[in-house]
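Me: Can you walk me through this one? I'd like the overall layout, then the interfaces.

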Amino acid sequence: MKAPRLTDTTLRDGSHAMRHTFTRQHVRDIVTALDRAGVPVIEVTHGDGLAGSSLQYGFSLTPELDLIAEARAAAERARIAALLLPGIGTRRELKAAVERGVQVLRIATQCTEADISEEHFKMAKDMGLETVGFLMMSHMRPPEFLAEQAALMESYGADCVYVVDSAGAMLPHDAAARVRALKAALRVQVGFHAHNNLGLGIGNTLAALEAGADQIDGCLRGLGAGAGNAATELLAAVLDRLGINPGLDVLALMDAAEYVVAPIMPFQPFPDRDAITIGYAGVYSTFLLHAKRVGEQLGVDPRAILIELGRRQTVAGQEDWILDVALELVRKRGG
Amino acid sequence: MGDETIKVAILGSGNIGTDLMYKILDCPGSMELALLAGIDPHSEGLARARALGVAASAQGIDAVLEHPEIQIVFDATSARAHVRHAKLLRETGRIAIDLTPAARGPYVVPPVNLRQHLDALNVNLITCGGQATIPLVYAVSRVTPVRYAEIVSTIASRSAGPGTRQNIDEFTFTTAHGLEVIGGAQQGKAIIILNPAEPPILMRNTVYAIPESDFDPAQVRESIESMVAEVQQYVPGYRLKNPPVFDMRDTPWGRKPVVTVLLEVEGAGHFLPPYAGNLDIMTASARRVGEVFAQHLLSRREVLV
């Protein structure tokens, strides 16, 4: 195994758990701590990517472009990344984000829909950005299928394509098989993004590294959607013990998690019953807080909602179906 | 003369043009389909037209221009082609009903603003998401001013062709703009999601509206329900999945009541599969717009006689 490149996405995936309330101060403090600890790429965006601020996903307290500008100003060495989901964000927001200092663009599509990202990759490459493709909900399709979608992103100009376990539904052999298939099919780098819904955030990341992953993601204290992500400080400690530390200051990252992120977290993401259900049912991790809210409003067990959403093969971004399913469950119970 | 009709043509012999042909043949109303024109001589659409006794040509716009009696032309080609077609049709005095994203003429949503544009020579049908959701935003805004409207259209992967896939940004810009200028929202936002589930899902839309100030939920519900009934007249598979929901949410304008409408659109299955409600609502709206224009032309003809 070789030392991977680590992207910290506390300030993007963590936006879900924070209900999109990051402030400039939060960004300044977290970016400064990550930068000093040697994290090379820091992602800052609304949880659902550029222009994600909405009723569907939750409004941002502070405009994400201001947070991106703050991050760029605070970073001395680290590069600033942003996420974009075609269908939500557009080339307009991409351009605005680059003007505010974004250097790496991560473009995410449902793992079956890579061909909606062509224009965005093209524009990002034309603007001189490093580009990363994100195949979301990768557990829903077999390795060979994913490799074909990844090859499309490569052909559009991706410098790396990630296998993204958005539902935290993969087991280690699932993660390894998918990364291996992409490694065999692509000339560019391959990444892996974990969620901890089944308690396998670190384990799956290790399996991905063994299968040849070049890039991985983490969040301080695991702050992310669902049960959170692989914790950055844990990854640093584990990589160091494996002898493949890419230059991360393990103790400084522990401090960042403990003293910078923990105090501002509304709760510690953890595989509790609802979060386990997300991984078990194979649904998008960000459904967690929305399903809890709607479940509480209508007196429905969030797990029943999540399992039905899994049965309906919902994909990334379909938060509106939570209310729909909950209303149906209420009707069925009444009738 | 009550049985008089207006001759119409369809440009584009792909899925949309072919489905529209079936819709017009199924229910011609005041129209007579005189021509289906494509550019691929081997296209299935042209073969189907001939088999049904409809004149078909692979000469595209040139075939239409050879027939001065054709007064209305539906354009189901591409935005780029329509820019050229629009000019030629305008110069020869034909009415163009544009199903592409070219937007050379005003946006129309049949139950909302079609009557205002009956003298236009070119009208545009916005997007599938726009045709599905703008009537509902308008249904709220005609009762109480809307500060913000947001829509999420979820369509089956299989129903999204290469045009949609390569121009996904245009869907969001155009639909959001339509929510404002026709729906009446001060600010609009649109999201589109492609869902690859098998079997394919029906087109689904969620409409959120944040009214400016206090409003009467019963009045809003009634307005929405009557609008749904109006759209159902030309899109029979257009229906609410649940009654409108009212709840309080945190917004940039403080804690505000939000109206949420969950909508489903099932296609009529004329040519396209029923799950492709997103395509059906475009062709059904186009037929409706054509019918209203045809009636308008006939009424003017009567006046002149």
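This is a predicted model: local features need pLDDT of at least 70, side-chain atom pairs count only at pLDDT 80 or more; totals for chains, interfaces and linings use all residues.

Reply: Residues are numbered from 1 along each chain as its sequence is written, with chains lettered from A and ligands numbered from 1 in the order in which they are written.

Me: Fine. What does the secondary structure of chain B come to?
Reply: Chain B has 10 helices and 12 strands; these are DSSP runs numbered from the N terminus, helices being H or I with at least four residues and strands E with at least two.

Me: And how much of chain B is buried?
Reply: 51% of its 305 residues. Buried is 20 or more other C-beta atoms within 10 Å of a residue's own, exposed is 12 or fewer, and partly exposed is in between, with C-beta atoms placed from the backbone.

Me: What are the spans of the chain B C-alpha trace?
Reply: About 60 × 50 × 30 Å along the principal axes.

Me: OK, domains. Where are the bounds in chain B?
Reply: Domain 1 of chain B is 6-125 + 282-304 and domain 2 is 128-274; the bounds come from an automatic or database domain assignment. Their C-alpha centres lie 26 Å apart.

Me: How many residues of each are in contact?
Reply: 21 residues of domain 1 of chain B touch 20 of domain 2 of chain B, contact being C-beta atoms, placed from the backbone, within 7 Å. On the domain 1 side, H1(B) gives the most, with 6 residues. By class that side has 11 nonpolar, 5 polar and 5 charged residues. Ala, Val, Leu, Ile, Met, Phe, Trp, Tyr, Cys and Pro count as nonpolar, Asp, Glu, Lys and Arg as charged, and the others, Gly among them, as polar.

Me: Switching to chain A, how is that divided?
Reply: Into domain 1 (5-264) and domain 2 (273-334), with 25 Å between their C-alpha centres. In chain A, 23 residues of domain 1 are in contact with 16 of domain 2.

Me: Last one: how many residues of chain A are in contact with chain B, and which helix gives the most?
Reply: 26 residues of chain A are in contact with 31 of chain B. H14(A) gives the most to the chain A side, with 4 residues. That side has 8 nonpolar, 10 polar and 8 charged residues.

Terms used. Two residues are in contact if their C-beta atoms, placed from the backbone, lie within 7 Å.
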